[in-house]
Amino acid sequence: MEKFYVKRITKINKNILGDINGLLSQWYGKEYRIDPRWLAQVIKNSYLLGVYDGKNLVGIVTLIEMHKISGYKGSVEHLMVDEKYRGQKLGEKLMVYAINLAKKLKMKDLYLTCEPRRIAANALYKKLGFEKKESRVYYKNL
Ligand SMILES: CC(C)(COP(=O)(O)OP(=O)(O)OC[C@H]1O[C@@H](n2cnc3c(N)ncnc32)[C@H](O)[C@@H]1OP(=O)(O)O)[C@@H](O)C(=O)NCCC(=O)NCCS
């Protein structure tokens with residue numbers, strides 16, 4: 001089997017929870033613990049994809065379904081690769097898997113947002129053919 005492989009995460013166990021908390025702690029820059037019940041909801045309602053080194057989960061991305069008036073589309077969120085594993089094409093592997101899954105699901109378009117400071121991610125999305133759409137992102141904390 002290939003050293004690194006991608007698959008959809010469909011069940012949570014202690015190891016996966018620990019690995020995801022490790023990734024999220026890197027993402028938020030501080031110790032982070034996701035509520036396992038919330039993670040179960042995410043797994044049920046979207047496609048949480050993981051890249052593995054053997055049994056260890058070393059990166060994730062989420063593909064979210066959007067049922068819009070303009071059609072069935074997808075949103076790609078929370079792409080992250082463990083700092084120790086960066087630069088080995090794992091981010092790209094996750095994204096290519098998510099794009100192929102979106103095509104298989106017959107999604108019309110994929111959307112994502114990315115802060116300008118995320119140099120590696122911006123370069124990766126451009127490399128994979130994502131085009132910049134000029135629009136403002138608004139959000140309201142509820
Ligand atoms: C973005 C991220 C997932 C990339 O993962 P990675 O496995 O290290 O990246 P890859 O090895 O797959 O690189 C693929 C492409 O990404 C771009 N890239 C990766 N690292 C880069 C860097 N340090 N500087 C510039 N471009 C980079 C390149 O285009 C690269 O292709 P190339 O090697 O042919 O030039 C990783 O850096 C990460 O987890 N960053 C923190 C979280 C984050 O910013 N997520 C995105 C939120 S929008």
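Helix 1 (14–28) has 15 residues, which should span 21 Å at 1.5 Å a residue, and its end C-alpha atoms are 21 Å apart, so the two agree. The expected span is 1.5 Å times one less than the number of residues. Helices (H or I, at least four residues) and strands (E, at least two) are DSSP runs, numbered from the N terminus. This is a predicted model, in which local features need pLDDT of at least 70 and side-chain atom pairs count only at pLDDT 80 or more, while totals for chains, interfaces and linings use all residues. Residues are numbered from 1 along each chain as its sequence is written, and side-chain values use heavy atoms, with hydrogens and water left out.

**Helix 1**

- Ile-16, Leu-17, Ile-20, Asn-21, Leu-23, Leu-24 and Ser-25 of helix 1 are buried; buried means under 20% relative accessible area, exposed over 50%, and partly exposed in between, with a 1.4 Å probe and protein chains only.
- These buried residues pack against helix 2, strand 2, strand 3 and strand 4, where contact means heavy atoms within 4.5 Å.
- At the start of helix 1, a side-chain oxygen of Asn-13 comes to within 3.1 Å of the backbone nitrogen of Asn-15.
- A polar contact is a pair of N or O atoms within 3.5 Å; within protein, one must be able to donate a hydrogen and the other to accept it, and residues adjacent in sequence count only if both atoms are side-chain atoms.
- Gly-29 follows helix 1 and has a positive phi, near 70°.

**Helix 3**

- Helix 3 (residues 90–104) also has its span given: its 15 residues reach 21 Å from first C-alpha to last, close to the 21 Å expected at 1.5 Å a residue.
- Buried positions in helix 3 are Leu-90, Gly-91, Leu-94, Met-95, Ala-98, Ile-99, Leu-101 and Ala-102.
- The cover over these buried residues includes strand 1 (4–8), strand 2 (47–53), strand 3 (56–68), strand 4 (71–81), strand 5 (110–111) and helix 4 (119–127).

**Positive phi outside glycine**

- Lys-106 is not a glycine, yet its phi is positive at about 70°.
- Lys-106 sits in the loop between helix 3 and strand 5 and is exposed, with a relative accessible area of 66%.
- His-78, also not a glycine, has a positive phi of about 50°.
- His-78 is placed in strand 4 and is partly exposed at a relative accessible area of 34%.

- Ser-46 lies in the loop between helix 2 (36–45) and strand 2, and counts as buried at 6% relative accessibility.
- The Ser-46 side chain reaches the backbone oxygen of Val-42 at 2.8 Å.
- Apart from neighbours within four places in sequence, Ser-46 is in contact with Arg-8, Thr-62, Leu-63 and Ile-64.
- Asp-53 is in strand 2 and is buried, with a relative accessible area of 16%.
- The side chains of Asp-53 and Tyr-85 are joined by a polar contact of 2.6 Å.
- Not counting residues up to four places away in sequence, Asp-53 touches Lys-3, Phe-4, Val-58 and Tyr-85.

**Largest pocket**

- The largest pocket has a volume of about 1,000 Å³.
- Of its 34 lining residues, Trp-27, Leu-79, Arg-118, Ala-121 and Tyr-125 are the closest to the centre.
- On a 1 Å grid over the protein atoms alone, a pocket is an open set of points where a 1.4 Å probe fits, with protein on both sides within 12 Å along at least five of seven lines; lining residues have an atom within 4 Å of a point.
- Grid points are joined across faces, edges and corners, and a volume is the space filled by probe spheres set on the points.
- Helix 1, strand 3, strand 4, helix 3 and helix 4 each supply at least two residues of this lining, and strand 4 gives the largest share, 7 residues.
- The lining of the largest pocket divides into 17 nonpolar, 7 polar and 10 charged residues.
- Ala, Val, Leu, Ile, Met, Phe, Trp, Tyr, Cys and Pro count as nonpolar, Asp, Glu, Lys and Arg as charged, and the others, Gly among them, as polar.

**Second largest pocket**

- The second largest pocket holds about 750 Å³ of space.
- Its lining has 18 residues, of which Leu-112, Thr-113, Glu-131, Lys-132 and Lys-133 lie nearest the centre.
- Strand 5 and helix 4 are the elements that give two or more residues to this lining, and helix 4 gives the most, with 3 residues.
- The lining of the second largest pocket divides into 8 nonpolar, 4 polar and 6 charged residues.
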